[in-house]
Amino acid sequence: MSPEQHLLEYDRRHVWHPYAPTVGADPMLAVTAADGARLQLHDGEHRYEVIDGMASWWCQIHGYRNPVLDEAVSRQSSQFSHVMFGGLTHQAAVDAVKALVDLAPEPLDRVFLADSGSVGVEVSLKLARQVQIARTAARGGTLTRTRIAALRGAYHGDTLGAMSVCDPVGGMHAMFSDSIPQQLFLPRPPSFDADDDAVETWCDQANEIIDAHRDELAGIIVEPILQGAGGMWPWSPACLKHLRQRADDLDLVLIADEVATGFGRTGKLFACEWADIVPDIMVVGKSMTGGYMTQSAVLCSDELATEVSRGPGGSLMHGPTFMGNPLASAVTAASLGIVAQGGWQDDVARINEVMSRELTPLRDLDGVIDVRVFGAIAAVQVDSPIVMRRATRTAVENRVWLRPFRDLVYAMPPYICTEDDLVVMAAGMRAVVTDQLTHTSLEES
C-alpha cells in the first residue's frame, strides 16, 4: 500500500469531515502539496494538479506558500508561538489590531480578536445584547431587548448563537430549532440591481416585522450585500441602507458579518461600502490571515465599548483561550499589509471580467436558473441538487477543485489567479454544470 493509500484508508476509518457522514461518504482526495493557486491531489491511484477555485473555503486570497506570509509565521515562531491574552499583550497582536483599524471605516477602532468566523459572530451577538443591557441599566429600566433580526437566506456560522441567525428553514440547522435562541427573520432582500418598486416592497415588509417587535429587538445582523452559503445571492444596497436607518431610528445595534465579504471579495474593501454605511459592529475573518491560521475579529467604536465597560459585568463577557494568538496575529498583520497595497482591486476586476465572459453563456442552457458573477464570486444555479461525487470527479478531471453545494456550482478563487487560471476554472465549472444537466435529463427520461 502506498503512503497515499494508507493515509486515505486511515482517514476513511477514523476522520470525521465537515458536513459529511461516516457511512457511505464520498471518497476523499489527499493534498500532497500546495503552491500559489494550485493543489497537488492524490486519490490513491492517480495524481492531479488542480487550480483551487475555493481558495480553501474563501480565505486563501494570496495563495499558498506566499513568501510574505511564510516569513511572518517563521519569524514569530522563532520568538514564541502562544501566550495567554488575559493580562498580557504582545507586538504581533498590536500589529494585527493596528492593521485592522487602519483599514476599517471610522469609527470602528476597538478590536476584539477571536478564534473563527462563527466565534466572531457569537461575540458580536453577545456584544449587541450587552449594549442593550448597559443602556437599559443606565435608564433604570427592565431589559426586554434580547432578540436579533436576521435575513432569510442568511448563514452566519455553526455555533449555537450563530445558528440562531441562520435561515431557519432553508439553512443547514433546522434540526436544532428547538434548542437555539428564537430570533426574528426579515424577508430575503431583492437582487443587487432590483428596481425601486422591489426595494420599496421589501422595505415595507421589513418595517412591518421590525415595528411589530421593536421593543424586543437588540439588533440586526446581515451579511452585507452578498449572502454566501445561503446561495451566493447579491442583494440591494438600498435595502442595507434602509436597515441602517431603522437601526438608528430604534436604537438597535447593526451587525455586519463581513467574514466572507471583507477585504475585497465583493469589489469593495468591505461590502458595507456598496451602501455607503458603517455598521455598529463588524465581524471579519477568513481572508484576514490570508487563510494561514484561524483568527477573526470583532470591531466596534470605542464609544460602544465604553458603554459596555461601564455597564453590568464591566467588560465584554468572552475570553477565548487562543485570543490574540501570536502566530495568527503575525500572519494577520502580514496579510492585511498586502491588502493595504491595493493590488486586490485589479485582481478582483480581472476575476469578475473573465468569469462574466466565460460563464454568462450558460444562461441559455435548459436547466440553468441563473448565472451570478459579483466581485470575485461566480455562481451557476441549476434546477436540481448537485451530485457531489460526480461533480468533484468532473472538476478534478478538468484540473479544478470545486466544492458545489445544494444547486450551486460556484467559485471564490484566490485573488492571485491569472487570466489563464480563470479560463481553466470556468471551463471546469461549465463541465460540472453540463454533466449535472445531462445526467438529470437522462434520469428524467
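Is Trp-274 buried, partly exposed or exposed, and what is its relative accessible area? Trp-274 is partly exposed, at 29% (buried is under 20% relative accessible area, exposed over 50%, partly exposed in between, using a 1.4 Å probe and protein chains only). This is a predicted model, where local features need pLDDT of at least 70, side-chain atom pairs count only at pLDDT 80 or more, and totals for chains, interfaces and linings use all residues. Residues are numbered from 1 along each chain as its sequence is written, and side-chain values use heavy atoms, leaving out hydrogens and water.

View 1. The structure holds six aromatic pairs (rings of Phe, Tyr and Trp, the latter by its six-membered ring, with centres within 6.5 Å; planes under 30 degrees apart are stacked, over 60 edge-to-face, the rest tilted). Phe-192 is partly exposed, at 28%.

**View 2. Trp-274 also pairs with Phe-374.** This pair is tilted, with 5.5 Å centre to centre and 40 degrees between the planes. Trp-274 is in the loop between β10 and β11 while Phe-374 is in strand β13, so the pair ties together parts 100 residues apart in sequence (strands are DSSP E runs of at least two residues, numbered from the N terminus). Phe-374 is buried, at 9%.

**View 3. Lys-268 lies over the face of Trp-274.** The distance to the ring centre is 4.9 Å (a charge sits over a ring if NZ of Lys or CZ of Arg is within 6 Å of the centre and within 35 degrees of the ring normal).

**View 4. Trp-58, Phe-405 and Tyr-410 form a cluster.** Ring pairs link these residues, and Lys-286 lies over the face of Trp-58, 5.0 Å from the ring centre.

Definitions and conventions:
Helices (H or I, at least four residues) and strands (E, at least two) are DSSP runs, numbered from the N terminus.
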